[in-house]
Amino acid sequence: LERHAQVLSLDADKDYRLEKLARTPVYVTPTDAAADEAMDAAWQTMTRGAPTAETLLAVKGRQLAVPRAAGDAARFSFADLCEKPLGARDYLALADRFSTIFIDHIPVLGEGRRNEAKRFILLVDTLYDHHIRLVVSAEAPPQQLYVAKRGVEVFEFERTASRLIEMQSRDWLEDWAERRKAKTTPEARQAPATPPSSQGGATQSEARTLGRR
């Protein structure tokens, strides 16, 4: 599986479970049987074999289906997230609920799939802004996922590719592990939630969405 997976490790003096999580693949390519096997193994490591079930998230009076969820991890296909009419609020709901998102079978996108590309750009922006760990299988490396030659998405996808690469980095994964560890401490679980009215404005991804309207 080495040719398929970007594998990173944490320092030996850190929590063993976090080290094991950091050594799982985060970007697997191409999308073949070996990639599916690597993704399944990563899912088992992330969830520690916990039962997986479909769940529903309430988003502005409607239900957002999460096909596979276990603990603070969720797993989708690309079609689940980017071929359906989802938007910023849906992706924010996922970022608020889960610390890790798995996406299987991201295809190479061309001009005929601009809507899917726009949703994927927004999805990655949202997960990046909220420092969510992203584990994916994709048909090609990040720089080769969007092959259209014209349109604003060409330039926007350059940022998306850059972020996908950064989200594979050792620094990113170590920071994610520390954030996740902090959130699961007893003190963090007992801390009162911040009321929505006190939050300071829109996130970067929301601002980008509003700017396009």
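Ala, Val, Leu, Ile, Met, Phe, Trp, Tyr, Cys and Pro count here as nonpolar, Asp, Glu, Lys and Arg as charged, and the others, Gly among them, as polar. The model on your screen is predicted.

**Start with the whole chain**

Colour by pLDDT. The protein chain averages 81, and 75% of the residues score at least 70. Select residues 1-15: pLDDT is below 50 there, and the stretch has 43 contacts in the model beyond near neighbours in sequence. Now select residues 187-213. Here too pLDDT stays under 50, and the model has 25 contacts beyond four places in sequence.

Switch to cartoon. The protein chain holds 9 helices and 6 strands. Of its 213 residues, 46% count as buried. Take the contacts between residues at least 6 apart in sequence: 75% of them join residues at least 24 apart.

The 6 strands form an open sheet in the order 1-6-5-4-3-2, with mixed pairing. Which strands are the edge strands? They are strand 1 (27-28) and strand 2 (53-59), and each pairs on one side only.

Move to strand 5, residues 100-106. This strand runs parallel to strand 6 (residues 133-138), and 5 bridges join the two. Pick Thr-100 and you will find its bridge partner, Arg-133, in strand 6.

Next, select strand 4, residues 73-77. Strand 4 pairs with strand 5 in the parallel sense, over 5 bridges. Arg-75 is the bridge partner of Phe-102 in strand 5. Phe-76 has Ile-103 as its bridge partner in strand 5. Strand 4 has 4 of its 5 residues buried, so this strand is also largely enclosed by the rest of the structure.

Step across to strand 3, residues 62-70. The pairing of strand 3 with strand 4 is antiparallel, over 3 bridges. Arg-68 stands opposite Arg-75 in strand 4. Strands 3 and 4 form a hairpin with 2 residues between them. Zoom in on Gly-71 in that turn: its phi is positive, at about 60°.

**Trp-43**

Select Trp-43, which lies in helix 2 (residues 33-47). Its relative accessible area is 1%, so Trp-43 is buried, the cut-off being under 20%. What is in contact with Trp-43, leaving aside neighbours within four places in sequence? Display Thr-52, Arg-68, Ala-69, Ala-70, Ala-73, Ala-74, Arg-75 and Phe-102. Arg-75 in this list is the partner of Phe-102 from the sheet stop. Then draw a distance from Trp-43 to Val-135. The two are 92 residues apart along the chain, and their C-alpha atoms are separated by 9.0 Å.

**Helix 4**

Select residues 88-97. This is helix 4, which is mostly covered: 7 of its 10 residues are buried. Colour the buried ones: Ala-88, Asp-90, Tyr-91, Leu-92, Ala-93, Leu-94 and Ala-95.

**The cavity**

Rolling a probe the size of a water molecule over the atoms shows where empty space is left. How many cavities of 30 Å³ or more are there? The count comes to 1. The largest cavity has a volume of about 30 Å³. Show its lining: Val-26, Tyr-27, Leu-134, Val-136, Leu-164, Met-167 and Gln-168. By class, that lining has 6 nonpolar, 1 polar and no charged residues.

**Backbone stops**

Most residues other than glycine have a negative phi, and most peptide bonds are trans.

- Select Pro-30, in the loop between strand 1 and helix 2. The peptide bond from Thr-29 to Pro-30 is cis, with omega near -5°.
- Select Arg-48, in the loop between helix 2 and strand 2. Arg-48 is not a glycine, yet its phi is positive, at about 55°. Its relative accessibility is 62%, so Arg-48 counts as exposed.
- Select Lys-60, in the loop between strand 2 and strand 3. Its phi is near 50°, a positive value in a residue other than glycine. Lys-60 has a relative accessible area of 66%, so it is exposed.

How values were computed: Residues numbered from 1 in each chain as written. Predicted model: local features only at pLDDT ≥ 70, side-chain atom pairs only at ≥ 80, totals over all residues. Heavy atoms only, no water. 1 Å grid on protein atoms, 1.4 Å probe; cavity = no way out; pocket = protein on both sides within 12 Å on 5 of 7 lines; lining within 4 Å. Points joined across faces, edges and corners; volume = space filled by probe spheres on them. Pairing = 2+ DSSP bridges. pLDDT = per-residue confidence, 0-100. Contact = heavy atoms within 4.5 Å. Buried < 20%, exposed > 50% of the residue type's maximum accessible area, 1.4 Å probe, protein only.
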